Amino acid sequence: MSWGTELWDQFDNLEKHTQWGIDILEKYIKFVKERTEIELNYAKQLRNLSKKYQPKKNSKEEEEYKYTACKAFLSTLNEMNDYAGQHEVISENMTSQITVDLMRYVQELKQERKSNFHDGRKAQQHIETCWKQLESSKRRFERDCKEADRAQQYFEKMDADINVTKADVEKARQQAQIRHQMAEDSKADYSSTLQRFNQEQWEYYHTHIPNIFQKIQEMEERRIVRIGESMKTYAEVDRQVIPIIGKCLDGIVKAAESINQKNDSQLVVEAYKSGFEPPGDIEFEDYTQPMKRTVSDNSLSSAKEGKPELKFGGKSRGKLWPFIKKNKGATPEDFSNLPPEQRRKKLQQKVDDLNKEIQKETDQRDAITKMKDVYLKNPQMGDPASLDHKLTEVTQNIEKLRLETQKFEAWLAEVEGRLPARSEQARRQSGMYDGQTHQAVTNCAQDRESSPDGSYTEEQSQERELKVLATDFDDEFDDEEPLPAIGTCKALYTFEGQNEGTISVTEGEMLSVIEEDKGDGWTRIRRSEDEEGYVPTSYVEVYLDKNAKGAKTYI
């Protein structure tokens, strides 16, 4: 089968068909382009979706991802991000392996098609020229033959006429011979032209056109093969990412299988466990006893002994603690508003954070010290004195952080039961109780014991609450006299007393000392009659009055 022999007379139809083939190829290219755009948009939407549901850093959402279900969801988001990446790979490969390649091929195909049909038209024009030459030679031969016949007839007529002179007859005869010779020459030219035309026509239909049409056929078949190969590539591009997409899906399945409901339940326990024992039975309080008792010393003392329990409801309030409405005010610095177990976790986290900050500041101090040593050895590199201010500032920051750490470690030790009693330092740092109230809490801390998990027994909670309430009751009737000043002090640095029990001071301010440092790093001072509190001892320069009662020599 060859277009040159089968379609020798279908030049125009072949021209239309090959143009249609190029249009089909361009349509396929457009299809692949739109597919790549869809893949890119799909990948972009998947990435945005994954990013939208990613937990925000340093937020509450990030803490929720400790649960296995949330971890599995996070793994799903990460796998979807990789899944989106494979769709981007599909788009890139289709663009490079199909679209770009076919667009270049289309340009080459158009050029080749143009060249082939140009040769075909040139051959057509040549055969048409030959045909015109043949027609012209044929008409000339026909005309000369007719002229020769008329000249012959005219000669015969003149020769038969007796009235015509011999000269006229001879002239007519010569004219007839000339015309006859011209006819013979035209005949010979027509015959030669006809032979040439037949030769050209044979070569046109059996050589030129078949060769041109064969090239066009091969060109068209290459186009068909090329579009078929592109369709295979189209499928292979998808097939190549299937294993990776499969791994992404396997990762999602694996993440789902890693969900452990028991582990999540345990995490809930660790997150919200209070450490308290469940409330026990509420005892019956017999209010008829005062009516039955006799007026005697024993009954009077019994009434006094039972009075705190009746007035404050120590056991009842101790047992109903979990159901009492919580105070929604500002969170105390020592997290004393939290249950023991949660308080321990918060304090431990705070201590860890402070230790990290201390390590960071220490590293900075070491770096500045090394730089200062380098400057001392090589003065041309810098002035060592320029680093003194920064070194002092960093050292002060370290001291502040260490004091802060000691404060939280004291609270943590108290919660964990490492301290036998609440120390004076903890009392000053928390600033929650003073006077007799602090003594009550200290006694409570001495009497209580902490279980291994940091919880408290019912009896211990009730005893602690009873003592605190009783102390508060006594404070209403006792007017504590202000402590006398035992000296003065000058603030070396500005201190912001943000915690309860502390007092703010500004650099250079003079204040009265009413209680010196007892080894915990805090000094109690007074600004006026109604304004007193604790400040870090390292922040003030103390001048004690040796004549004051209870004053010690300050070194």
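Tutor: Two strands pair if DSSP finds at least two bridges between them. Helices (H or I, at least four residues) and strands (E, at least two) are DSSP runs, numbered from the N terminus. The model is predicted: local features need pLDDT of at least 70, side-chain atom pairs count only at pLDDT 80 or more, and totals for chains, interfaces and linings use all residues. Residues are numbered from 1 along each chain as its sequence is written, and side-chain values use heavy atoms, with hydrogens and water left out.

Student: Which residue in S5 is the bridge partner of Lys 490?

Tutor: Strand S1 covers residues 487–491 and pairs with S5 in the antiparallel sense over 5 bridges. Within S5, the partner of Lys 490 is Glu 541.

Student: Which residue of the turn in the S2 and S3 hairpin has a positive phi?

Tutor: S2 is joined to strand S3 (residues 522–526) by 3 bridges, and the two run antiparallel; Val 513 lies opposite Ile 525 in S3. The hairpin they form has 6 residues between the strands. The turn residue with a positive phi, about 100°, is Gly 519.

Student: Which strands stand at the edges of the sheet?

Tutor: The 5 strands form an open antiparallel sheet in the order S4-S3-S2-S1-S5. An edge strand has a single partner strand, so one side of it is left without a neighbour in the sheet. The edge strands are S4 (532–536) and S5 (540–544).

Student: What is the average twist from one strand to the next?

Tutor: The order of the open sheet is S4-S3-S2-S1-S5. From one strand to the next, the twist averages 40°.

Student: Are helices H2 and H5 roughly parallel or roughly antiparallel?

Tutor: The axes of H2 (residues 11–52) and H5 (residues 166–257) come within 11 Å and cross at roughly 15°. Such axes are lines fitted to C-alpha atoms, for helices over the stretch in contact, with angles running from 0 to 180 degrees between N-to-C directions. Angles under 35 degrees count as roughly parallel, over 145 as roughly antiparallel, 65 to 115 as roughly perpendicular and the rest as oblique. H2 and H5 are therefore roughly parallel.
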